[in-house]
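Please look over the sequence and the model below. The paragraphs after them go from single elements to the chain as a whole.

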Amino acid sequence: MPLATARVATDRPARYIKQLVSHMGHKATTALTPDGRGTITVAAGTCTLTPTPDRLELSASAVDVESLARVQDVVTRHLVRFATQEELSVEWTAPVDGAALDLTAPLVDEYLLSHHTPADEVLGDLAAATREATAGAANMQVSSDEGALLTMLTRLTGARFAVEVGVFTGYSTLCIARGLAAGGRLLACDISEEWTAIGRPYWERAGVDDRIDLRIAPALDTLRALDAEPVIDIAFIDADKAAYPAYYEEIVRRLRPGGLVVLDNVFLGGRVLDPAYREEHHLAMRRLNDLITGDDRVDSVMLPVRDGVTIARRR
């Protein structure tokens, strides 16, 4: 449970952040962003500091509870020491496991699902068929609001050539195909004949089956066989998480200027936020999230949509 936060009441949050970052920069890795957010990384872990009008918000993370306590201690001691004109109260929350984070509260979830262009009968029937056929795996399907987002983004880019990595039962495939410009084509990559077969009748009902080129093969092989020219207008990645960095690289180099790549599940159920999770897919997603932030080929934004969605636009 190596995550914890603290809210420190003060009217000098920006000043304290600058002091901490400057002072601790001699023995830790520190950074200060233009909007005043600070990051301090010591051997035990990391603490981010965010200024608000009336308080300083702290977020600490580490690989285990003991390391977390050391991060909290070093930041608290230095912060209290710098507060010579006021007495600060730094009270940390109990350690939290990343997997226990409530990424979408039920009431918010219901409100979101009730306030987007409703899914039509074809999408509703496909969602029902997916639940019936795949049981517990049905949560791999994108939600209706995320599907609406994919259709909207596809239309906004005027996409004529789209790529999808990870079809599952084809709900997101249908959403993307519907957003394509006249004569558009969607290259849909998956390795399961069984699950993709569930979606085919619904693609036909929606009248978009002729736009979808389904390839049953390892997605990396399919992507690497594409022309190296920047011809992709929009791409959606929602497949095996450990391979996300490889998918991203193959797609970004083929994105036309102004083209988008959309990545699903960038939070991994909150586990990406928690350094205690160290399996291959956790590490790969963290690396990719950091890479995209610093990738000078794209402009990007990470959104708290469902399990986290990143949208990157090719410059």
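A residue is called buried when its relative accessible area is under 20%, exposed when the area is over 50%, and partly exposed in between, using a 1.4 Å probe and protein chains only. Helices (H or I, at least four residues) and strands (E, at least two) are DSSP runs, numbered from the N terminus. The model is predicted: local features need pLDDT of at least 70, side-chain atom pairs count only at pLDDT 80 or more, and totals for chains, interfaces and linings use all residues. Residues are numbered from 1 along each chain as its sequence is written, and side-chain values use heavy atoms, with hydrogens and water left out.

Helix α6 covers residues 171-179, and eight of its nine residues are buried, so the rest of the structure largely encloses it. Those buried residues are Tyr171, Ser172, Thr173, Leu174, Cys175, Ile176, Ala177 and Gly179.

Next comes a sheet. Strands of a sheet pair through backbone hydrogen bonds, either parallel or antiparallel. Here two strands count as paired if DSSP finds at least two bridges between them. Five strands form an open sheet in the order β1-β5-β4-β3-β2, and the pairing is antiparallel. At the edges stand β1 (3-9) and β2 (29-32); each has a single partner strand, so one side of each lacks a neighbour in the sheet. From one strand to the next, the twist averages 15 degrees. Within this sheet, β4 (residues 45-51) and β5 (residues 55-62) are joined in the antiparallel sense by seven bridges. Threonine 46 has serine 61, in β5, as its bridge partner.

Helix α2 (residues 65-82) packs on the sheet and touches β1, β3 (38-42), β4 and β5, where contact means heavy atoms within 4.5 Å. The direction of α2 makes about 150 degrees with that of β5; axes are lines fitted to C-alpha atoms, for helices over the stretch in contact, and angles run from 0 to 180 degrees between N-to-C directions.

Histidine 282 lies in helix α10 (residues 280-294). Is histidine 282 buried or exposed? Histidine 282 has a relative accessible area of 2%, so it counts as buried. Apart from neighbours within four places in sequence, histidine 282 contacts Leu268, Arg271, Val272 and Tyr277.

For the whole chain, the count is ten helices and twelve strands. Of its 315 residues, 48% are buried. The C-alpha atoms fill a box of roughly 70 × 40 × 35 Å along the principal axes. Among contacts in the chain with a separation of 6 or more, 67% are between residues 24 or more positions apart.
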